[in-house]
Amino acid sequence: MRVKFRGVTTRHSALIHGPYGWGEFAPFPEYDDAEAAHWLSSALEAAYLPPTVTVREQVPVNATLPAVPAHRVPDVLTNYNGDIQELKIKVAERGQTLDDDIARVAAARTALPNARLKIDANAGWTLPQAFTALTALSDYNLLYAEQPVGSINDMKQLRTQLDNAQVPVLIAADELVRKADDPLTVARAHAADLIVVKAAPLGGVRRASAVIAQSGLPAVISSALETSVGIATGVHLAASLPELPYGCGLGTVSLLNTDVSSTPLWPKTAAYRCGPQPPRRHG
């Protein structure tokens, strides 16, 4: 990888070829066998089942900024093609501080004054830390905060605290969807404003589509640091949804030094265009 991302510098992947093309099996190292089995199901679906129906030819995509020092932000952003209109920024990295996060987000805002910015904490904050951090980072006009805390109860409390303090930051659930025994629990608990969905951890396009439909929440389609083969599965999922209010996290091939395809799935300029921000939900 070009930079460390989610604590890793190398990704390992297995590709499966079937009558309908290629599937990718690339669970993260910390996943146990039961969690990794969903990734295998997704790879087998892509290789051995016919593709589902799509409704669009273009998918809006955000760029992704790892938890790099603020001075490296402009350099990392040059890895992306075209005009970046939406950017996801990693925060709450182990060994870093809130000041590091603020500096990184500030550098991103300076580099991209008109872009829609969102942050991803990967459940790295406690409830008090999340409230403090989002109150400070809201000055940079955030689109939403992805998985700021780890539990459903803390997510619900955080939403309430932010509403009471009139801090206008939406809360997105990621790990509480893809790592949960029941990915719909977070929606039933009204603990998030939107959900982040990755096809592979949910078992493939068909199951992920069902989870989105049943949740009743806006969805962001994201990748899990796959090669272009896995990204293609995510793009197909995004192309099959009736609405895509946010840029998808499917531009991560640029974070890899190499790819398995001679024509890597890097977004084109037009692919970064996104619609207007949906209003904040209350209650």
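**Reading helix packing in a predicted model**

Q: Which residues of α4 meet which residues of α5?
A: Leu127, Ala130, Phe131 and Leu134 in α4 meet Asp154, Gln157, Leu158, Gln161 and Leu162 in α5. Here contact means heavy atoms within 4.5 Å, and helices (H or I, at least four residues) and strands (E, at least two) are DSSP runs numbered from the N terminus. The residues of this contact comprise 6 nonpolar, 2 polar and 1 charged. Ala, Val, Leu, Ile, Met, Phe, Trp, Tyr, Cys and Pro count as nonpolar, Asp, Glu, Lys and Arg as charged, and the others, Gly among them, as polar.

Q: On what basis is the model to be read?
A: This is a predicted model, in which local features need pLDDT of at least 70 and side-chain atom pairs count only at pLDDT 80 or more, while totals for chains, interfaces and linings use all residues. Residues are numbered from 1 along each chain as its sequence is written, and side-chain values use heavy atoms, with hydrogens and water left out.

Q: What is the average pLDDT of the protein?
A: The pLDDT, the predictor's confidence in each residue from 0 to 100, averages 91 over the protein, and 95% of the residues score at least 70. Over residues 270-283, however, the pLDDT is below 50; this stretch has 46 contacts in the model beyond near neighbours in sequence.

Q: What describes two packed helices?
A: The description consists of the angle between their axes and the distance between the axes. Axes are lines fitted to C-alpha atoms, for helices over the stretch in contact, and angles run from 0 to 180 degrees between N-to-C directions. For α4 and helix α5 (residues 152-164), the angle is about 35° and the axes are 10 Å apart. Their crossing is right-handed: a crossing is left-handed if the near helix is turned anticlockwise from the far one by less than a right angle, and right-handed if clockwise.

Q: How are α3 and α4 arranged?
A: The axes of helix α3 (residues 98-111) and helix α4 (residues 127-137) cross at roughly 25° and come within 11 Å. That makes α3 roughly parallel to α4; angles under 35 degrees count as roughly parallel, over 145 as roughly antiparallel, 65 to 115 as roughly perpendicular and the rest as oblique. The crossing of α3 and α4 is right-handed. On the α3 side, Leu98, Asp101, Ile102 and Val105 meet Thr132, Ala133, Ala136 and Leu137 of α4. These residues divide into 6 nonpolar, 1 polar and 1 charged.

Q: Where do the axes of α8 and α9 stand relative to each other?
A: Helix α8 (residues 205-215) and helix α9 (residues 228-240) have axes that come within 10 Å and cross at roughly 40°. The two are therefore oblique to each other, and their crossing is right-handed. Val205, Ala208 and Ser209 of α8 make the contact with Thr233, His236, Leu237 and Ser240 of α9. That contact contains 3 nonpolar, 4 polar and no charged residues.
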